[in-house]
Amino acid sequence: MDYGKLGVRVRQQRELSGLTQGQLAKQVGCSTSFIGHIERGEKKASVETVVALCNALAVSPSVLLQDSLTDDVMQSQLALDENNMELMSGLMHVLREHSRKAEYK
C-alpha cells in the first residue's frame, strides 16, 4: 500500500468536500493531527479508518486506494480523471455557495 498516495487522495477528497482537517477528524472519530499525518503519508490508516474516511468523504474505497490497486479490471473502473476532478471541484464549490446563500434567506 502506498500511504503517501493514499494521503494525497484523502486531502484531495477532503478539499473537494469543503472540509477542514478538524471537521474530517470529528466525522472519522480521530484527532486533527492524525488526519494531517495520514494526508502526509506519515502514519498508516487502519482498514476501519479508511472505511470511516470513505464514509465521511462520501467516496468508494477505490477512490482513496486507486494508487495501490494493481488489478487491470479495477484500474479501468476507478475514479474521475483530472479534468473531471477539476470540474467536480468547481461544481461542488458553486453548490456550497448556493447552499450557504439559501440558508441566509
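Modeller: Among the contacts in the chain with a separation of 6 or more, 57% join residues 24 or more positions apart (contact means heavy atoms within 4.5 Å). The model is predicted, so local features need pLDDT of at least 70 and side-chain atom pairs count only at pLDDT 80 or more, while totals for chains, interfaces and linings use all residues. Residues are numbered from 1 along each chain as its sequence is written, and side-chain values use heavy atoms, with hydrogens and water left out.

The chain has seven helices and zero strands (DSSP runs numbered from the N terminus: helices are H or I with at least four residues, strands are E with at least two). Of its 105 residues, 30% are buried (under 20% relative accessible area, with exposed over 50% and partly exposed in between, using a 1.4 Å probe and protein chains only).

The part to look at is helix α2, residues 21–28. Its buried residues are L24, A25 and V28. These residues lie on the same side of α2, because they cover an arc of only 100 degrees around the axis (the arc is that of the directions from the helix axis to the C-beta atoms). An α-helix has 3.6 residues a turn, so residues three or four places apart point the same way. What covers the buried residues of α2 includes α1 (3–17), α3 (32–39) and α4 (47–57).

Just after α2 comes G29, with a positive phi of about 90 degrees. As for the packing of α2 with α3, their axes are 8 Å apart and the angle is about 105 degrees (axes are lines fitted to C-alpha atoms, for helices over the stretch in contact, and angles run from 0 to 180 degrees between N-to-C directions). The two helices, α2 and α3, are therefore roughly perpendicular to each other (65 to 115 degrees; under 35 counts as roughly parallel, over 145 as roughly antiparallel, and the rest as oblique).

On the α2 side, Q21, G22, L24 and A25 meet T32, I35, G36 and E39 of α3. The residues of this contact divide into three nonpolar, four polar and one charged (Ala, Val, Leu, Ile, Met, Phe, Trp, Tyr, Cys and Pro count as nonpolar, Asp, Glu, Lys and Arg as charged, and the others, Gly among them, as polar).
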